[in-house]
Amino acid sequence: MPGGLLGIESLDRVEIETILDRAKNFQPRQSQNQRDVLRGRMIVNLFFEASTRTRTSFEIAAKRLGADAISITASGSSVDKGESLVDTLNTLGAMHPDAIVMRHSASGAPHFLARHLPTPIINAGDGTHEHPTQALLDARTILDRRPTLEGLRVAIIGDIAHSRVARSNMYLLSKFGADIVLCGPASLLPVELQQIASGVTLTHDIKEALRDADVIMMLRVQLERQHESAFSSGEYFRFYGLGLEHMSLASPHAIVMHPGPINRGREISSEVADSQRSVILNQVENGIAVRMAVLERVLSN
Ligand code: CP
């Protein structure tokens, strides 16, 4: 991946497996491995949208590999003074970073950056399009508990329409033969999504989605990408929130995932989020390991 990582759609299985295998070496119990492979390299984290997990874990990942990591957020940068995206990018390019990690509210913004600069670009989430490292860390988290993704029934429930996490997971899971059930209210579940990957079915019934599910991925309602919400918090939870009472519908060993940030009482109850079934904090932990593997691979030559 010398040109960076813009999405899962364009990666093949071998590339994905290579990253996931390498990430295992960077998990905490293996943490003595390959600490300084990026010493002397500079990684710029350029975040035009809010982030806790992705920005922090990219920064930790870079530092664990010995690189210098600099984080820039739109708020507090010269973007606040009216600097355009192109001028911001040219300014950063003139500092010759070895890679730029970018999050932006516009779908395709990292692709634009990749065309504009010779620097490798890593997409940390672009609009409603893709969030590739999230799908990779989700796959790592599932494979820590299951021998294969093939044949798994994965229910992705919530605001699918605005979810780059759902799209990247759909691309990845379908490449490995998982069965994917997308579930949400009609206004948040566009039917055309069924076409973007194989093995995808749609339902508006959460009980149907959960039936025999091996993996339950809950998604936040992305109010920041909607002009107005059609639902009150209570109404949404009544029809699409995950409570403990739902868990008997799923496989006995089902795990509950959520990319975060979670909204307790809106899409997931605290009882489920804090239960033994929840692997939400394991996802966060794997975020560092996977991003170490991605940074190492992107910068390896
Ligand atoms: N999952 C995720 O992207 O979280 P952040 O928005 O906190 O980075």
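**Figure 1. The ligand takes up the space of the largest pocket.** The model is predicted. About 380 Å³ of space lies in this pocket. Its lining counts 21 residues, and those closest to the pocket centre are Arg-103, Arg-164, Arg-220, Gly-260 and Pro-261. Two elements each give two or more residues to the lining: helix H2 (53-64) and helix H6 (164-175). By class, the lining divides into five nonpolar, nine polar and seven charged residues.

**Figure 2. Residues around the ligand.** Ala-50, Ser-51, Thr-52, Arg-53 and Thr-54 belong to the shell. Arg-103, His-131, Gln-134, Pro-259 and Gly-260 complete the set. The shell splits into two nonpolar, six polar and two charged residues. Arg-103 and Gly-260 are in the shell, and both are also among the lining residues closest to the centre of the largest pocket.

**Figure 3. The cis peptide bond from Gly-260 to Pro-261.** Omega of this bond is near -5 degrees. Most peptide bonds are trans. Pro-261 sits in the loop between strand E10 (255-257) and helix H9 (270-273). Both partners of the bond, Gly-260 and Pro-261, are among the lining residues closest to the centre of the largest pocket. Gly-260 also belongs to the residues around the ligand.

**Figure 4. His-96, a residue other than glycine with positive phi.** Its phi is near 55 degrees. Most residues other than glycine have a negative phi. His-96 is in the loop that runs between helix H3 (85-93) and strand E4 (99-104).

Methods. Residues numbered from 1 in each chain as written. Predicted model: local features only at pLDDT ≥ 70, side-chain atom pairs only at ≥ 80, totals over all residues. Heavy atoms only, no water. Near = heavy atom within 4 Å. 1 Å grid on protein atoms, 1.4 Å probe; cavity = no way out; pocket = protein on both sides within 12 Å on 5 of 7 lines; lining within 4 Å. Sits in = over half its atoms within 2 Å of the grid points. Nonpolar A, V, L, I, M, F, W, Y, C, P; charged D, E, K, R; others polar. Points joined across faces, edges and corners; volume = space filled by probe spheres on them. Helix = DSSP H or I, 4+ residues; strand = E, 2+ residues; numbered from the N terminus.
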